[in-house]
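Please keep the structure open while going through them.

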Amino acid sequence: MLQINKIVITQYKNYDFSSFDFKERVIGICGLNGKGKTNLLDAVYYCCFTKSYFSKTDGLSVQFDKDGFRLEGLFENKNEPQRLVCIHRGAGKKELLLNDAPYEKMSHHIGKFPAVMVAPDDIELITGGSEERRRFVDTVISQMDAEYLSQLIQYNKVLQQRNSLLKRFAEQGKTDWPLLEVLDEQLVSPGNFIFERRKNFTAAMIPLVQQFYTQIAGNDEMVSLQYESQLNAGSFESVLNDYRQKDFILQRTNGGIHKDDISMQLNGQSFKNTASQGQRKSLLFALKLAEFELLKKNKGFAPLLFLDDVFEKLDDNRMQHLLHWVCNENTGQVFITDTHRERLEDAFRSLVVNYQVIELK
């Protein structure tokens with residue numbers, strides 16, 4: 001089993017210097033709003049992904065008026081201790097060491113300690129634009145397939161170059177066809193790789209999402225999902241050719257896997273437009289639990305699971321179904337935050353599990 005036994009936090013968000021020992025598989029973190037519950041989860045998440053779940057840049061995670069931060073996590077996987085140290089020195093300087101050995105590239109760490117986060121703003125995965133759903137898919141596959149992450153980085157790099165070239169065409173009033181064709185060729189190879197991986201991933205994910213939605217919602221509502229890509233209808237080369245004129249007009253690349261999406265329907269209608277708050281939250285948790293199961297199957301062990309402020313988001317019945325799964329059926333380590341200690345302890349006692357509650361004051 002993958003677990004984290006201890007974390008030492010220095011100058012990360014609202015923490016000056018704090019140390020936490022995690023002694024059980026089920027961990028509750030409680031305290032009033034603003035005391036650092038979410039930031040504690042985020043510090044552990046950072047150790048897994050080399051970035052914050054909530055802040056877009058490392059600079060936003062540095063404690064106010066400080067120059068950098070340091071995180072040290074003591075993990076254990078299959079009874080092997082692993083010591084991870086993350087140091088951010090400011091001005092973009094970052095170090096990552098596993099058992100005192102530095103990583104050459106941060107991307108090499110992704111998937112070492114797989115994790116799944118569920119947070120209040122994740123509802124954007126259901127109600128927001130396609131970028132949110134692509135990021136979700138990319139995050140999961142990247143933890144399972146290092147080559148996918150490498151190809152995705154390459155694709156985004158070439159895409160940026162192609163968009164810059166299209167803007168230059170408009171500014172200079174002339175077109176460099178040979179250079180555009182070179183960039184098109186460089187875009188196609190990683191694009192095709194990503195398309196195939198996403199197609200296979202969503203084919204495995206969708207039945208799991210439907211299964212978990214039924215479990216959490218406790219009814220027989222019909223939820224359907226579908227992977228949408230321009231490459232479903234033709235080759236990447238033909239897609240680029242079809243959108244070329246539009247690319248020149250809008251000065252950006254309009255065809256490719258960076259436009260992919262996952263469509264969601266409820267009883268044959270658009271989920272986003274017809275679902276209630278409870279239905280949206282049920283689908284969100286179903287997506288996250290499907291992510292969890294696919295990572296578990298791929299890795300051979302359960303990823304870490306972080307549930308931030310979930311008690312406020314589901315009714316009692318759905319909450320009971322969710323907690324039973326994450327605490328009883330799941331064998332991995334789970335962290336759950338809440339403002340009320342009594343509510344956490346009552347929930348854990350009713351599930352008859354060994355637990356630890358950390359209260360932040």
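How many of the 13 residues of H1 are buried?

1. This is a predicted model, in which local features need pLDDT of at least 70 and side-chain atom pairs count only at pLDDT 80 or more, while totals for chains, interfaces and linings use all residues. Residues are numbered from 1 along each chain as its sequence is written, and side-chain values use heavy atoms, with hydrogens and water left out.

2. To take the question first, 12 of the 13 residues of H1 are buried, so this helix is largely enclosed by the rest of the structure; buried means under 20% relative accessible area, with a 1.4 Å probe and protein chains only. Among them are Lys-37, Asn-39, Asp-42, Tyr-45, Cys-48 and Phe-49. Helices here are DSSP runs of H or I with at least four residues, strands are E runs of at least two, and both are numbered from the N terminus.

3. The length of H1 (residues 37-49) agrees with expectation, because its 13 residues should span 18 Å at 1.5 Å a residue and its end C-alpha atoms are 19 Å apart; the expected span is 1.5 Å times one less than the number of residues. After H1 comes Thr-50, which has a positive phi, near 60°.

4. An open sheet of 5 strands runs in the order E8-E12-E13-E3-E14 with parallel pairing, where two strands pair if DSSP finds at least two bridges between them. Strand E8 (115-118) and strand E14 (355-359) stand at the edges with a single partner strand each, so one side of each is left without a neighbour in the sheet. Strand E3 (residues 26-30) is joined to E14 by 5 bridges, and Ile-29 has Ile-358 in E14 as its bridge partner.

5. Helix H5 (residues 177-217) packs with helix H10 (residues 316-329) at an angle of about 125°, their axes being 7 Å apart. That makes H5 oblique to H10, since angles under 35 degrees count as roughly parallel, over 145 as roughly antiparallel, 65 to 115 as roughly perpendicular and the rest as oblique. Axes are lines fitted to C-alpha atoms, for helices over the stretch in contact, and angles run from 0 to 180 degrees between N-to-C directions. Phe-212, Gln-215, Ile-216 and Ala-217 in H5 meet Arg-318, His-321 and Trp-325 in H10, contact meaning heavy atoms within 4.5 Å.

6. The axes of helix H3 (residues 130-144) and H5 come within 11 Å and cross at roughly 95°, which makes H3 roughly perpendicular to H5. Residues in this contact include Phe-136 and Ile-141 of H3, together with Arg-197 and Phe-201 of H5.

Definitions and conventions: Buried < 20%, exposed > 50% of the residue type's maximum accessible area, 1.4 Å probe, protein only.
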